[in-house]
Amino acid sequence: MSAGAAVAAPPDAESCSQVPVLRERGQREVFCGLTSIVWLHRKIQDAFFLVVGSRTCAHLLQSAAGVMIFAEPRFATAIIDERDLAGLADANAELDRVVGRLLARRPEIKLLFLVGSCPSEVIKLDLKRAATRLSQSFGPNVRVLNYSGSGIETTFTQGEDACLASLVPSLPPEPADAGRSLLVVGALAEIVEDQLGRLLGQLGIGPVRFLPPRSAASLPQAGPRTSYLLAQPFLGDTARALDERGAQRLDAPFPLGVEGTTRWLQAAATAWGISTARFDAVTAPAAERAQRAMARYRALLAGKRIFFFPDSQLEIPLARFLAREIGLVPVEVGTPYLHRQHLAAELAMLPAGTTISEGQHVERQLDRCRAARPDIVVCGLGLANPLEAEGITTKWSIELLFTPIQGYEQAADLAELFARPLDRRMRLVA
Ligand code: SF4
């Protein structure tokens, strides 16, 4: 890959979309994978995330989760200090001591993730081996797994991918007499999980299980009779690990907006042979409610131009939703990585003429953004303040990970997330 920009057709253009992609490599402005701990720790309630990192890592987590106050936090940082970095201390012995103390004090922890960071990678601390060793010491009561959240390797949503991929080998196999089942993959707010689970149940699809589960004791089974639906677009490694277990991915757009949710549910309904009449009867009332709720945002946002910097990997499904259901005009849609297979259905629905960019050369992209003068820019926190100072309205992409946005009931809330900053700007200008 060259250091500059190159326009190339996707290699599997036939199966996806004919859209050319602007590929860029250069300086990028994205949080590291540790950030995903902030939403993951809320999901698996008996899990604990122990970052093996530096004071910088601890600081990042503390500020990202700063608004939350816990009696018993579910994440912490084991600080690698100068002695470890200089090789003067035995980092493995230190880690064993920290984990021993933590598990003695917190007997409710059933699943412990050792999360690698830039410093743990620099000193080549083998967390895989540490996880195996600690699992032997503390299993079967506590399972110890590891993954990397390092900024050298991951952008912030890839932290979730790495975490879930590390869980897949621990999923129980299907019993010999198991029928088919559906696995929904990707961390969703519980309210969203409940709504989607209810709709799938009403359609007669099931049993439905979720990854990540709400507790370590309810790890979903996986095997050849498992079909899975991705609920998030950044789960390439997790999908690969599930494929290796024999599970089959159902191809669908992501459940953002009415259209995305309908087609996501439809993929499961088709696999289960559910009739159109039943599908419509179950989904139409919620879809119509969502359409009505979105109308006021359509009136406010239609025709406005939107520019996405690559950050959350939600950019392409978001652009598709905003363009097709709200009437926004995507100018450029940047994504850190473009998984053409998982995003094939999404790419095919983006309006013609949308520039799609993969990777980042931040200076060039800022130049393109300034030249385009979009009405709203979706970007990471690092770019938001300077752009706001230039008079450009921004939306923090990380907020989209902390807010329930999937499914029918959330479609209008999702539109509102984009209406709010524009509305604020208009009031400031008025
Ligand atoms: S993992 Fe790396 S990028 Fe992330 S906070 Fe730690 S040092 Fe910074």
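## Around the ligand

Helices here are DSSP runs of H or I with at least four residues, numbered from the N terminus. The model is predicted.

Twelve positions are listed around the ligand in this model: C32, L34, G53, S54, T56, C57, L60, S117, C118, G149, S150 and G151. Helix α2, residues 55-64, supplies three residues, the largest share of this shell. By residue type, the shell contains five nonpolar and seven polar residues, and no charged ones.

## Helix α6

Helix α6 runs over residues 127-138 and has twelve residues. From its first C-alpha to its last, α6 reaches 16 Å, close to the 16 Å expected at 1.5 Å a residue.

Which residues of α6 are buried? They are L127, A130, A131 and L134. These residues lie on the same side of α6, because they cover an arc of only 100° around the axis. The face turned away from the buried side carries R129 and Q136, which are exposed.

## Strand β13 and its partners

Strand β13 covers residues 355-360 and pairs with β2, residues 21-25, in the parallel sense over five bridges. Within this pairing, R23 has E358 of β13 as its bridge partner.

Strand β12, residues 329-335, also pairs with β13 in the parallel sense, over four bridges. Here the bridge partner of E332 is T355 in β13.

Technical notes. Residues numbered from 1 in each chain as written. Predicted model: local features only at pLDDT ≥ 70, side-chain atom pairs only at ≥ 80, totals over all residues. Near = placed C-beta within 6 Å. Helix = DSSP H or I, 4+ residues; strand = E, 2+ residues; numbered from the N terminus. Nonpolar A, V, L, I, M, F, W, Y, C, P; charged D, E, K, R; others polar. Expected span 1.5 Å × (residues − 1). Buried ≥ 20, exposed ≤ 12 C-beta atoms within 10 Å, placed from the backbone. Arc of directions from axis to C-beta. Pairing = 2+ DSSP bridges.
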